[in-house]
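Student: I am looking at this chain without any background. Could you take me through it step by step?

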Amino acid sequence: MNTNSAPAILAGIGWHIVGAACAASFYAPIEKVKKWSWETTWAIAGFFSWILLPISISFILLPHFFPFYAAIDPGLMLKVVLFGAMWGVGNVSYGLTMRHLGMSLGIGVAIGVTLVAGTLVPPLMDGQAALLFSTQSGRLTLAGIVVALAGIAVVSYAGHEKEQQLGKGAQEFNVMLGLALAVMCGIFSSGFSFGLHAADPLRSAALAAGVNPLYARLPSYVLIMGGGAIVNMSYCFIRLAFKKSLSLRADLGQPQPVLFKNAALAASGGIMWYLQFFFYAWGEANIPARVAYVNWMLHMSIYVLCGALVGLALGEWKGVGSRPLRLLWVGIFIIIAAANLVGLGTAAAG
């Protein structure tokens, strides 16, 4: 696969858009689950997203599934799993962020921090920080990050105004606590990016085993998402076991049609969440390896972009005044400009 050609780079950006659209839409079916606690719903979705799909797909892809992982250095495997667990902590703190800062502002700050940390830390760890300032590609990437953050800020502020107009603000609005939680959520959520970086040897091993470059990243998801699953599942089942207002037995004791519908909706959300990283791998495979750090920036910024578009499509902005809508469109165009800047930088690196 020639990842230095302009068509390949455009294809990479396109697959990142598909993945981000899946991420922006995954909660739509989960919101339709009725008569189940959030914890049960999240656990079912997570089983499909973080356990069943990563293992099943890797089992199909790898010629020798168990020998493949047995040959990986245990220390490396533990490192990747721990980065996955770090990402899992970010998922858990996500809900608290929304509670104290509101959906739009919370997502804006958390995604902004995740974008910066997940994009810049890997090249810093590799001693490639100078490339960000000394090459045209690096400078365009940095410019893209700044522009993307500006776009995220505008979209988030538009969402905040929408929530105020519709009376859907944070349950317990607290700026200082909310910002602290959002920053913590953003830093921990970037653990997925760190896990991808640490799992590069697994990607190389998959390529050596004959796996198509489009799918070579997927075996590392078994470890990264496994680490995230440990944290999320533990959180859900501990709450179900010890919080009096929650009961797994009551959730699973619903009539069979309700159980089937809820399970299907939760599974659909989990599958869509996994697909964002499935297509992330396709996008990454088309981006030149020397600027691999741009993949995370593209994914996060397009995630916010797609989230705004999905909200419009689902009618979430219906009845909102013209000012928030104007701000939303301004933010959307700024994020598109940021993606184009990164695309130019990627082409320059090729």
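Tutor: Leu309 has a relative accessible area of 37% and is therefore partly exposed. Buried means under 20% relative accessible area, exposed over 50%, and partly exposed lies in between, with a 1.4 Å probe and protein chains only. This is a predicted model, in which local features need pLDDT of at least 70 and side-chain atom pairs count only at pLDDT 80 or more, while totals for chains, interfaces and linings use all residues. Residues are numbered from 1 along each chain as its sequence is written, and side-chain values use heavy atoms, with hydrogens and water left out.

Student: Where does Leu309 lie, and which residues form a nonpolar patch with Leu309?

Tutor: Leu309 lies in helix H15, residues 294-313. Together with Trp329, Phe333 and Ile336, Leu309 forms a nonpolar patch on the surface, with about 380 Å² of accessible area in total. The areas come from the Shrake-Rupley method with a 1.4 Å probe, and for residues only the protein chains shown count as cover. Patches are made of residues with over 30% relative accessible area and no salt bridge; nonpolar side chains (Val, Leu, Ile, Met, Phe, Trp, Tyr) are joined within 5 Å, like charges within 9 Å.

Student: Which helix gives the largest share of the patch?

Tutor: Helix H16, residues 322-349, contributes the largest share, with three residues.

Student: How many helices and strands does the chain have?

Tutor: The chain has 16 helices and zero strands. Helices (H or I, at least four residues) and strands (E, at least two) are DSSP runs, numbered from the N terminus. The radius of gyration is 20 Å, close to the 20 Å that the globule rule gives for 350 residues, so the chain is as compact as a globular protein of that length. That radius is taken over C-alpha atoms, and the rule is 2.2 Å times the number of residues to the power 0.38.

Student: And what percentage of the residues is buried?

Tutor: Buried residues account for 51% of the 350 residues. The chain exposes about 15,400 Å², of which carbon and sulfur atoms supply 69%.

Student: New topic: how many disulfides are there?

Tutor: The count is zero, a disulfide being a pair of cysteine sulfur atoms within 2.5 Å. Cys22 is in no disulfide, and its nearest cysteine sulfur, that of Cys306, is 9.1 Å away.

Student: Are those two cysteines buried or exposed?

Tutor: Cys22 counts as buried because its relative accessibility is 13%. Cys306 is also buried, at 8%.

Student: How many salt bridges are there, then?

Tutor: There are five, a salt bridge being a side-chain nitrogen of Lys or Arg within 4 Å of a carboxyl oxygen of Asp or Glu. One of them joins Glu161 and Arg323, with the closest N and O atoms 3.0 Å apart. This pair links distant parts of the chain, since Glu161 is in helix H8 (residues 136-166) and Arg323 in helix H16, 162 residues apart. Glu161 is buried at 12% relative accessibility, whereas Arg323 is partly exposed at 44%.

Student: Which residues are linked in a network of salt bridges?

Tutor: Asp200, Arg203, Arg217 and Glu284 are linked in this way. Glu284 forms a salt bridge with Arg217, the closest N and O atoms being 2.9 Å apart. Glu284 lies in helix H14, and Arg217 in the loop between H11 and helix H12 (221-242), 67 residues apart. Both Glu284 and Arg217 are buried. Arg203 also meets Glu284 in a salt bridge, at 4.0 Å from N to O.
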